[in-house]
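Trainee: Can you walk me through this model, starting with the pockets?

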Amino acid sequence: MKTNEEFINECIELAKLGEGLVSPNPLVGAIVVNKNGKVVGKGFHKKYGEAHAEINALNEAGEKAKGGTLYINLEPCCHFGKTPPCIDRVINAGIKKIVIGMEDPNPKVSGNGIKKALNAGIEVVLGVQEKKCKKLNEIFITNILRHKPFVAIKTASTIDGKIATSTGNSKWITAENSRNIVHQLRNKYDAVLTGSGTVIKDNPSLTARINNTRNPVRIIIDSNLITSPDSKVYCNDKTRVIIVVSAEISSEKIQKYPDNVEFIKCPVLNNGKIDLNYLTRALFENNINSVLVEAGGKLNAELIKNNIVDKFYFFIAPKILGDTNARQLFEGFYIENINECSIIKFENIQYLDPDILIEGYTSLSYPN
């Protein structure tokens with residue numbers, strides 16, 4: 001018989017199958033084990049608005065669930081949303097024990113699903129692999145508790161921190177393995193954000209080139225609307241595109257862009273830059289719950305200075321550029337005292353041959 005920890009690990013892997021499809025809901029996987037210790041049902045939340053993980057697992061188990069154990073990485077819901085309360089179905093199925101990875105931070109649930117299970121005579125084990133479960137749903141937790149999108153910066157650099165030569169050449173700093181992971185990240189996040197400079201220099205598509213998945217919303221910060229309406233990033237009419245412009249932009253300029261392009265008008269600060277905190281709130285109000293930033297050093301730095309960033313993905317190639325005029329990961333920090341540096345907590349280091357990927361968090365969102 002597997003341990004509780006092993007079963008919750010399996011739930012986490014099942015939950016990941018819903019990445020890119022369930023937002024704004026959390027990623028959830030569930031396993032039903034009968035009273036004889038045999039797995040009789042597995043399920044995960046497949047798509048927003050459809051059945052939750054425990055319902056799919058119970059449907060597969062059928063009558064075999066009676067007297068058994070439900071393993072799930074997140075507390076079952078107890079409120080009506082797009083679907084009925086899952087805990088009611090769990091109780092009616094005759095489940096005698098629930099092993100849960102973490103309590104749901106949503107105030108509509110927040111322990112109430114557990115209480116309902118206990119009141120029905122179900123044994124509850126809580127907090128199994130809790131840190132892993134929190135990391136799995138770090139986007140959902142940030143949305144619920146901080147009422148903002150989860151914002152991650154992705155960079156690709158040489159080992160000496162350069163993202164392009166002084167002439168702007170950057171293809172390709174990292175190798176194919178790294179670029180494949182980036183496409184997976186684009187599938188995971190609701191939106192990809194970049195600046196007008198990146199669109200003009202690289203003319204990227206910013207798509208997730210993975211079979212049977214969706215592309216993220218593309219967000220371009222272009223305060224003066226200088227990017228071409230014919231840029232690749234605007235030309236897929238099946239994908240939502242948002243251009244962030246200054247509040248003073250003319251309607252004549254806006255009319256030149258394709259019909260699939262939306263505009264968010266933002267105030268401009270005294271330094272001539274878009275108010276990024278205003279933008280962050282506006283994106284959340286526009287149902288953008290997570291943002292992957294793929295931009296240049298100046299925009300990266302502005303996001304950090306405004307305390308907007310939650311996480312980093314540093315893809316580092318075993319190359320040394322050496323050029324002091326080359327473009328850097330972050331541009332705009334002028335710190336004389338080393339103790340005033342922004343601090344990043346490294347969480348995971350992965351070898352991608354020949355590159356490495358370092359995941360790091362700001363103090364805003366480090367998983368406890």
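Predicted model: local features only at pLDDT ≥ 70, side-chain atom pairs only at ≥ 80, totals over all residues.

**Pockets and salt bridges**

Trainee: Which helices and strands each supply at least two residues of the lining of the largest pocket?
Mentor: Strand 6 (150-158), strand 7 (162-164), strand 8 (191-195), helix 7 (176-188), helix 8 (196-202) and helix 11 (297-305). Helices (H or I, at least four residues) and strands (E, at least two) are DSSP runs numbered from the N terminus. A pocket is an open set of points on a 1 Å grid over the protein atoms alone, where a 1.4 Å probe fits, with protein on both sides within 12 Å along at least five of seven lines; lining residues have an atom within 4 Å of a point.

Trainee: What gives the most to the lining of the second largest pocket?
Mentor: Helix 7, with five residues. K16, E19, K135, K188 and E359 lie nearest the centre of that pocket.

Trainee: Switching topic, how many salt bridges are there?
Mentor: 16 in the whole structure, each a side-chain nitrogen of Lys or Arg within 4 Å of a carboxyl oxygen of Asp or Glu. In one of them, K311 and E138 have their closest N and O atoms 2.8 Å apart. K311 is in strand 13 and E138 in helix 6, 173 residues apart.

Trainee: Is K311 buried or exposed?
Mentor: Buried, at 1% relative accessible area; E138 is buried too, at 6%. Buried means under 20%, exposed over 50%, partly exposed in between (1.4 Å probe, protein chains only).

Trainee: What network of salt bridges includes K311 and E138?
Mentor: One that also links K135 and E359.

Definitions and conventions. Residues numbered from 1 in each chain as written. Heavy atoms only, no water.
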